Every structure is written in structure tokens, then in C-alpha cells.
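Visitor: I would like to learn how to read the features of a structure one at a time. Please give the general idea first and then the case at hand.

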Amino acid sequence: NFWMEDAPLGLLDALSNGAMNKWDVIIVDEGQDFAPTWWDIVEECLEDKEQGALAIFYDPFQDIFGRSACIPDWPMSFHLSLNFRNTKHITLSLKEICPVQMEPHPEVPEGDPPVCYRQDGQTFSQIEKLISGLVGKQGVNPNQITILTPHSRQHSLLAGKDEIASIQIADDPLNRDNQILHTTIGRFKGLESDVVILADMMGGDALCGVEASYVAQSRARQVLYVFSI
């Protein structure tokens with residue numbers, strides 16, 4: 001209720017009583033996550049609806065809340081098809097997950113193909129070995145490595161763990177000084193990491209659907225490992 005009703009109405013109140021200024025230009029990111037009732041309020045944030053500008057960036061394949069159909073049907077629409085974030089191999093892997101019309105930018109590195117594993121009772125030790133190799137042999141900084149799971153740490157293969165491969169585990173993407181980050185797929189949406197280790201992906205889990213898998217794997221800029229149950 002807070003996000004769906006209280007927050008947008010609070011914004012409307014702030015506009016009405018002068019607690020917040022209006023704007024000439026508004027840029028919306030992750031537009032597929034916006035509820036239909038939010039758009040009228042976003043437009044109210046424009047100083048001049050006729051002369052002001054509103055730009056919405058969205059990816060229907062990252063629609064984990066089922067709201068992308070709520071994007072306003074405005075006449076000017078552009079398809080951004082070049083992927084600057086991921087290596088060529090990761091981009092090709094993403095296209096196998098979803099029928100996304102996307103090509104890697106010609107200047108992004110080739111990279112290595114994502115590596116997929118069957119998750120079992122030895123997976124934690126296997127991930128420790130991967131991280132030890134990345135940090136110890138390849139010189140990857142722990143800040144560059146993120147472990148993603150569909151559920152919170154206490155409901156993941158990291159339950160009860162404060163460190164992995166003798167490196168502390170951080171929970172906050174904005175506070176991870178020389179630590180391995182663990183967070184959920186949903187919380188990491190919109191962010192990125194040089195190395196992503198995706199684990200606990202299980203068929204039939206509502207948080208492991210096609211959209212969640214696409215979101216998680218597209219966070220990896222250079223290296224991607226996937227562990228599925």
C-alpha cells in the first residue's frame with residue numbers, strides 16, 4: 001500500500017502545498033515498474049505540460065511486476081537495440097532467454113560464454129572455489145563480484161554465512177568496501193556488476209521466472225555463472 005498508494009499521493013500533496021517544485025523535464029527510468037495511476041501524478045510534476053518534456057525508458061522483458069502494459073501510448077517511441085553493458089557472449093545468452101531485439105555494440109568485448117551448473121549440496125563450496133580463483137589467481141577485486149539469489153540470504157544457499165572464500169559478504173550495493181555483495185534479483189535490478197554468480201534458480205518458483213532470469217543475467221557486464229536447482 002505504501003508504494004502503490006501512500007507514496008504517489010504523498011508526492012501529489014507535496015506538489016499541491018508547494019513543498020516540492022515542479023520541473024521542466026522529467027526522465028523516468030525502469031518505466032515498466034510504474035503502476036497506471038502513477039503516470040498522471042508524474043505529469044503533474046511538469047511545470048508546463050504543453051512545453052515540458054517527459055522521457056520514459058523501459059524494458060518490457062524486465063517487467064517483474066506485470067505493469068509494462070501501463071506505459072502511456074504516446075506518439076513518439078524509439079527502440080534502443082544496441083547493448084553497451086554486456087559482453088557479446090552474455091548478450092547472445094540473453095537473447096536465448098527472451099525474444100529481445102537486441103544486438104551487442106560492435107566495440108564491446110567478446111567475453112566468455114556464461115557457465116551453467118546444476119546446483120546441489122556442494123554448490124557453496126563450488127562458488128567458494130570460483131571466487132578464490134577470480135580473486136586470488138585473476139586479480140578480480142571483491143567489489144566486482146555479486147551473488148544474486150531470488151530470495152533473501154536467510155532463504156538462500158548463503159543462509160547463516162557471513163563470509164565466502166574468506167571474504168566478508170555485504171548486503172548493501174552502496175556499502176560493500178572490498179566485500180562480495182549478496183542481494184536479491186529484485187533489489188539489484190537496474191544495477192550491474194563485472195561478475196555475477198546467480199544461484200538458487202528453481203523451476204516453479206514465482207521469483208525464478210523468465211523475467212527474473214533475464215533481469216539477473218543482464219546485470220553481468222563481463223562474467224556470468226548460473227546455478228540452477
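Guide: Start with burial: a residue is buried under 20% relative accessible area, exposed over 50%, and partly exposed in between, using a 1.4 Å probe and protein chains only. F227 is buried, with a relative accessible area of 0%. Y117, at 25% relative accessibility, counts as partly exposed. The model is predicted, so local features need pLDDT of at least 70 and side-chain atom pairs count only at pLDDT 80 or more, while totals for chains, interfaces and linings use all residues. Residues are numbered from 1 along each chain as its sequence is written, and side-chain values use heavy atoms, with hydrogens and water left out.

Visitor: How many helices and strands are there in the protein?

Guide: Helices (H or I, at least four residues) and strands (E, at least two) are DSSP runs, numbered from the N terminus. The protein has six helices and 11 strands. Its C-alpha atoms fill a box of roughly 60 × 40 × 35 Å, taken along the principal axes. Of the 229 residues in the protein, 43% are buried.

Visitor: What share of the contacts in the protein is between residues 24 or more positions apart?

Guide: Contact means heavy atoms within 4.5 Å. Among contacts in the protein with a separation of 6 or more, residues 24 or more positions apart account for 66%.

Visitor: How is a pair of aromatic rings described?

Guide: By the distance of the centres and the angle of the planes. Rings of Phe, Tyr and Trp (its six-membered ring) pair if their centres lie within 6.5 Å; planes under 30 degrees apart count as stacked, over 60 as edge-to-face and the rest as tilted. By this rule the count comes to five aromatic pairs. One of them joins F34 and W38, which are edge-to-face at 5.3 Å centre to centre, with 75 degrees between the planes. Both F34 and W38 are buried. Another pair, Y117 and F227, is stacked: 4.7 Å centre to centre, 15 degrees between the planes. This pair links distant parts of the chain, with Y117 in strand β5 (residues 115-118) and F227 in strand β11 (residues 220-228), 110 residues apart.

Visitor: Which residues form one aromatic cluster, and which charged end sits over the ring of F124?

Guide: The cluster is formed by F34, W38 and W39. For the second case, a charge sits over a ring if NZ of Lys or CZ of Arg is within 6 Å of the ring centre and within 35 degrees of the ring normal. The charged end of K161 sits over the ring of F124, 4.6 Å from its centre.

Visitor: What does Q217 touch?

Guide: Q217 is in helix α6 (residues 210-217) and is buried, with a relative accessible area of 8%. Not counting residues up to four places away in sequence, Q217 touches I90, S93, L94, I97, L198, L224 and V226. Helix α3 (residues 88-97) has K88, I90, T91, S93 and L94 buried. The cover over the buried residues of α3 includes β3, β4 (103-104), α6 and β11.

Visitor: Where does M201 lie, and is it buried or exposed?

Guide: M201 lies in strand β10 (residues 193-201). M201 is buried, with a relative accessible area of 7%. The C-alpha atoms of M201 and P150 are separated by 7.0 Å, and the two residues are 51 residues apart along the chain. Leaving out residues up to four places away in sequence, M201 touches P150, I185, C208, S213, F227, S228 and I229.

Visitor: How much space lies in the largest pocket, and which residues lie nearest its centre?

Guide: On a 1 Å grid over the protein atoms alone, a pocket is an open set of points where a 1.4 Å probe fits, with protein on both sides within 12 Å along at least five of seven lines; lining residues have an atom within 4 Å of a point. Grid points are joined across faces, edges and corners, and a volume is the space filled by probe spheres set on the points. About 1400 Å³ of space lies in the largest pocket. Its lining has 41 residues, of which I56, F57, Y58, F78 and L80 lie nearest the centre. The largest share of that lining, four residues, comes from β2.
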